[in-house]
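Trainee: I have the model open. Can we go through it question by question?
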Amino acid sequence: MMHVLAVDDEKEMRDLIALMLRQEGMTVIQAATGEEAYKKLHQHQIDLILLDVMMPGEDGFAVCEKIRQTSDIPIIFLTAKDANDDKVHGLVIGGDDYIVKPFSAAELVARIQAVLRRFHKNEGIHPPQIITRGKITLDEVARRVAVDQQEIPLTLKEFDLLHLFMKQPNIVFTRELLLEKIWSLDYAGGTRTVDTHIKTLRLKLGKNGSKTIQTVWGIGYRFEESQ
């Protein structure tokens with residue numbers, strides 16, 4: 001059974017989400033604040049987080065950033081705002097999708113299923129496979145990356161970008177193609193989110209990042225093995 005953590009300061013919204021998802025056979029764990037959400041993450045095996053943006057105290061963006069320090073669990077933002085900048089910011093800091101209130105049960109379930117399909121696309125389909133390019137090693141199923149045998153924590157999108165690059169080295173990917181392959185479903189942001197994720201990924205990979213993920217000016221990016 002799938003366990004979803006719904007984080008929203010409005011009890012009515014949490015109860016509505018619980019009702020919608022219970023009809024689909026999902027269990028909903030509720031939290032009213034970021035602090036409560038952190039505790040629930042330690043107490044339960046959570047498959048996905050629905051995270052409200054506008055909350056008193058720590059807002060959803062701050063909560064997402066803190067969770068991303070230790071986990072790549074899928075996060076879908078719930079927002080009453082339809083501003084593009086908010087959507088872009090949420091995706092840049094590690095969110096996997098967003099949904100604007102009010103929403104239907106069908107839309108909520110569809111977005112949850114789409115995010116989880118992307119997150120688990122290798123599990124149960126392919127045998128465990130290790131990809132090694134130079135000093136970078138990527139475990140497709142465990143979704144772990146190591147540089148010089150030292151594990152590097154990556155967000156979901158950072159991992160997916162690196163995975164795509166390492167599976168197809170020396171291939172040039174345009175920013176538009178990367179948006180389509182990594183963000184896909186109804187993404188309304190611009191290509192700057194790709195540049196931001198590439199910058200962060202390079203920093204996390206250290207000196208190997210600038211050597212392997214190269215900018216092809218005016219086009220996009222490609223991955224070249226470092227020696």
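Predicted model: local features only at pLDDT ≥ 70, side-chain atom pairs only at ≥ 80, totals over all residues.

Trainee: What percentage of the residues count as buried?

Mentor: Take the cut-offs: buried is under 20% relative accessible area, exposed is over 50%, and partly exposed is in between (1.4 Å probe, protein chains only). The chain has 227 residues, and the buried share is 48%.

Trainee: How many helices and strands are there?

Mentor: Both are DSSP runs, numbered from the N terminus: helices are H or I with at least four residues, strands are E with at least two. The chain has 12 strands and nine helices.

Trainee: Which feature does UniProt place at Asp 52?

Mentor: Start with the site. Asp 52 lies in strand β3, residues 48-52, and counts as buried because its relative accessibility is 3%. UniProt positions follow the numbering used here, feature names are shortened, and annotations may be inferred rather than shown by experiment. The unreviewed UniProt entry gives "modified residue: 4-aspartylphosphate".

Trainee: Which residues does Asp 52 touch?

Mentor: Contact means heavy atoms within 4.5 Å. Residues up to four places away in sequence are not counted. That leaves Val 7, Asp 8, Asp 9, Gly 60, Leu 78 and Lys 101.

Trainee: With which side chain does the side chain of Asp 97 make a polar contact?

Mentor: Asp 97 is in strand β5, residues 97-100, and is buried at 3% relative accessibility. A polar contact is a pair of N or O atoms within 3.5 Å; within protein, one must be able to donate a hydrogen and the other to accept it, and residues adjacent in sequence count only if both atoms are side-chain atoms. At 3.0 Å, the partner of Asp 97 is Arg 111.

Trainee: Over which ring does the charged end of Arg 111 sit?

Mentor: The test needs NZ of Lys or CZ of Arg within 6 Å of the ring centre and within 35 degrees of the ring normal. The charged end of Arg 111 is 6.0 Å from the centre of the ring of Tyr 98.

Trainee: Is Asp 160 buried or exposed?

Mentor: Asp 160 belongs to helix α6, residues 156-167. Its side chain has a polar contact of 3.0 Å with that of Arg 143. With a relative accessible area of 6%, Asp 160 is buried.

Trainee: How many aromatic pairs does a search of the whole structure find, and why is the pair of Phe 61 and Phe 77 edge-to-face?

Mentor: Rings of Phe, Tyr and Trp (its six-membered ring) pair if their centres lie within 6.5 Å; planes under 30 degrees apart are stacked, over 60 edge-to-face, the rest tilted. The search finds two pairs. Phe 61 and Phe 77 have ring centres 5.4 Å apart and planes at 70 degrees, so this pair is edge-to-face.

Trainee: How many residues apart in sequence are the parts tied together by Phe 61 and Phe 77?

Mentor: Phe 61 lies in helix α3 (residues 60-68) and Phe 77 in strand β4 (residues 75-79). The pair therefore ties together parts whose separation in sequence is 16 residues.

Definitions and conventions. Residues numbered from 1 in each chain as written. Heavy atoms only, no water.
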